Structures are given as C-alpha cells and as structure tokens.
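Subject: Handing over the structure

Hello,

Here is the structure I promised to pass on to you. Please open it alongside this message, and then read on for what turned up in it.

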Amino acid sequence: MSKENRKVTKNDLFNMFARLHLFQGSLNFERMEALGYVFVMMPVLKRLYKTKEDMSMALKRHMEYFNTQTTVCSVIFGLTAAMEEQGGNEADRAIAGMKSALMGPLAGIGDSLIFSTWLPICMSIGAAMAASGNLSGPIIAWLLFNMVNVTAKYYGIMIGYNQGIAFIEKSKGELDKVTTLAAIVGLTVVGSLIPSLVAVSTPITIKIGELSIVLQEILDSIMPNLLPLAFTMFAFTLIRRQWSAIKIVLTLIVASLVFTGLGVII
Amino acid sequence: MLIPAILLGLLAVIAIWDLWGPQSAFWQPLVTGTITGIILGDVNTGLTVAASLQLMWLGLVSVGAAMPPDIIVGAIVGTAFAIITGKGVAAGIAIGMPAAVIGQMMQNLAMTLLSLLMHKADVYAEKADTRAIQLCHLSGYLVYGLSRFIPVFLAVYLGAGPVEKLLNSIPGWINDGLNTAGHVVPALGLGLLIHLMINKKLWPFFILGFVLASTTQMPTLLVGVLAAALGFLYIHLTSSEKEVS
C-alpha cells in the first residue's frame, strides 16, 4: 500500500478506536452487531464517500449480519478501513467476503483468549484478594484486564489497517506461541488459586478412648489442601464428561448441602 | 429504600453499558458487587459476596450468540440482599441465581425489541442519512439501560420484606450448606479454566502453581510473573528443538 493512495487519516483511525468502545449498543437477534459496525466505520465512510449514492451503497454493505468478539474485531475494522480506502464501492463483495470469512475464526480467538482466559484470570486474582477484605482486589483486576483489552483494540485497528491481509497470514505461527504462553501462565495461576478459592476442610474428629484424632491434621500431614484439589479435579472430570455447567453447579450445591449437613465438610 | 434502589439501578445501567460498550470488565460481579457494598455502606460484606459470586460465575461468559444468565442483575441484587438481610454469602447465592435468570430474560427481550430497529436503520441506509442511522444505534443504549434498571430497582425497592421473610424461613442447615457451597462451587470455575487451557504437556505448570501456593505465601501476581518467565523459556526450548530436528 503506497503512502500516496492514503486518504484515511490517523485521526480517522483513532476515531474508530474511540467508537469501538460503543460497538454493541444495538446488539440484536436479527443481525447482531451490524448496526454497530456501521457506527464504528462512520469516520472512514464519511472521509471516502461524498455522494449520496456512494454513501448509501457503503452503508448497506455494512448492514448485513455480523457477529464477533469486540477486542479482536479491531483487526477486522482496520482491514475494512484499508479495503474501503483502496477498493471503494467496487470492492463491495471483497469487503463483505473478508468480514464474514474472519468474524468466525476471530470470534473464536477473542472468546478463548480474552473472555475465557485473560478475564477469568484477572478476576480470580482480584477475587482472591477481595475474599480477604482487600478493596484493591477489584481495582487491580480491572486494571490488569484493561491493560491487555484496550491495548489490543488500539493496535488491532492500526495493525489491521497498516498490514492488511498479509498480517493475518503471517501471524498464524506467532499466535500458537501466544496461546501456549497464555495457557502456561493461566494454568499456573489456576493451580495456585485452588487453596484460597476452594477453601474446604473437614471438621471430623475421631475419638478413641482418651485420644481424639483430628482428620484434617492427618490430611495436612499427607498433603496440604488435598480436599480443595480433590474438589477441583472432581469438577474438571465432570466437565471432561461433557456435563453442562449448570448441572455441575447444581451437583456441587447439593453435595455441599448434604455433606455439610452430615458434618463431613465445612 | 428508594434512594439505594435508584443508585443500584443506575449501577446496573453503567454495568450493562460497559458490557455492550467498552467491555472494561466493570460489569463483572467482583466490581458491581463491591460497589453495591459501598452504596449500601457495608464494604466488607460487599467484597466477600462479590468475590464468591465472581468465582461461582467464572464460567458464565457469553460465547457466540447465546446469552448466559445475566451476572449484572444477579450480582447487584444478590449482594444487595446479602447486606440488607444480614445473611451474607448464603443469601447472596440464594437470591443471586434467580435474579440472574430474570436478567437473562430482560436481555433476550431487549435483543428482540432492537431487532425491530434494524428495519428503521435499513431505510436510513437507503437514504444515506448518516445522522439518523447513528442515532438508531445509540438509542439501543436506552433500551439496554432500562432492561437492567427496572429489575434491579424493583427488586431492591419492593423486595426487602418478602425476601427477608423467605430467607428467615430457610432452616439453619441449608444456610450452612450454602455457605460451604460458596467455597465448593469455585472448583467448577477453576475446572473450566483447566479444561480450556490444558494439554498433556502443560500439567507440570498447573502442579507447580498448586504446590507454590500450598507451601509458600507467594502472592498470585508473582506466581503469574514466574509462570510467564518459565513460559518464555518453555516456548524458546520447544521451538528451537523443532528447528534442529
């Protein structure tokens, strides 16, 4: 992409980044984020299309069904800006094709990296602090999450616009590494959260004549936090067996009621 | 309860605007529950209930087009009643769950209503009326705001009496059991995270984290930093192996 052909200004791209923070306000069953897409693209569309006919065609192109995860969608927005600028309304079908080709895979990446990994990691760190009455827990969780979330949105648009399709092809190998690193940090943190978050112990004491044996002390001498680990692995096994989350929640609640009632756990 | 009900309703509005706007994680139970505690003047209960609900609902994120139970209404109403009734985490869970289902219904209602908006927007697209089409989009925030303000306001404003009566009729052993459940159910959230990230080669990292926390007082953030360092090393070693062979 040569510099002379550029009509979209850096300011337009920054406006898109700002508008990305109001992306899903009209989320609906019929076309999900379609109207939001038009809203975010508006600075670029206004820059490029001066006649009523051109603008109408561009608007209609983006009013089609669209749904993906917001953070990673920044890359699609950047790409769209580049394609609108270079191809204009002649690239109508190419733009629509690119959008529907990318929204699925990127939704998968965004949902798993941002919403199912980074968000719960930040929130569990914050919750562990909050559980002990520390008010900075929620604040730190919020800051941690947004360090990644906001940065990714900004660079997503810039990289999508500057590098175009080539970037997506190129980054496939790198993405594997990022996913592995995220999994390593995630798993280590999850393992370290078990003792504080799954705080279950047993109150059982066995009395043999004069001697009373506190079961929890014996468990601790074998391995500290054996019960919390056991409960976590139990839940993990149920997930492996394809149980639905709501079914597992109910099972765990019923088990808590029964075993607490029997005085086995506390 | 009029003023707190209005304030908590507005908190729900900000949270839903965040979820369908910046997505800054302000909508998460940890944040909304804590602020609920601040509004009702009991920060400590707010923090503990918020932490419990956060961990219970760790697995409830919207993936794809299906809408999960609404953790915004669930966390605010749950935490509010945990404080108002003085029954803590057990009440938070008992009230938070059904409240989240009501929130989910409101979400589905809003998404149905906003579908009607699309046909209006189609007309503006035809006419190239950029101002009107943008207003169409932004008006969605009004619908979403109301969809959360109404259930939270009504629950807090009308609910205290009946809810308190209901909670008082719950026998003690159920109360104790629900308190234990607050410690047991996070196992599901952690299990989901493991399931999502695990492959056979990565189990050692999970074990390392568990052992570190069981034997040292190392803060979680530091555990994360250590894991990142080891992770870089792991990736470096595994990728250079491939290049050699």
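Which residue with a positive phi follows H9(A)? That residue is Gln242(A), and its phi is near 70°. Before going further, please keep in mind that this is a predicted model.

Let me stay with H9(A) for a moment. In general, an α-helix has 3.6 residues a turn, so residues three or four places apart point the same way.

Next, the two chains. In chain A, 91 residues are in contact with 87 residues of chain B. Several helices of chain A give two or more residues to the side that touches chain B, and H9 (226-240) is one of them, as are H2 (34-48) and H10 (245-261). The largest share of that side comes from H7(A), with 17 residues. Sorted by class, the side of chain A that touches chain B has 56 nonpolar, 27 polar and eight charged residues.

Then there is the nonpolar core. The largest one has 150 residues, and those with the most contacts inside it are Leu252(A), Ala12(B), Ile72(B), Ile76(B), Val77(B) and Val152(B). H5(A) gives the largest share of this core, 16 residues.

Finally, the layout of chain A. The domain assignment gives domain 1 (3-195) and domain 2 (199-261), and the centres of these domains of chain A, taken over C-alpha atoms, are separated by 42 Å. Have a look as well at Gly209(A), in the loop between strand S1 (205-208) and strand S2 (211-214) of chain A. Gly209(A) counts as exposed because it has 5 C-beta neighbours inside 10 Å. From Gly209(A) to Ile253(A) is 44 residues in sequence and 36 Å in space, C-alpha to C-alpha.

Enjoy exploring,
Your colleague

How values were computed. Residues numbered from 1 in each chain as written. Chains lettered and ligands numbered in written order. Predicted model: local features only at pLDDT ≥ 70, side-chain atom pairs only at ≥ 80, totals over all residues. Contact = placed C-beta atoms within 7 Å. Helix = DSSP H or I, 4+ residues; strand = E, 2+ residues; numbered from the N terminus. Nonpolar A, V, L, I, M, F, W, Y, C, P; charged D, E, K, R; others polar. Domains from an automatic or database assignment. Core = buried A, V, L, I, M, F, W, Y, C linked by C-beta atoms within 7 Å. Buried ≥ 20, exposed ≤ 12 C-beta atoms within 10 Å, placed from the backbone.
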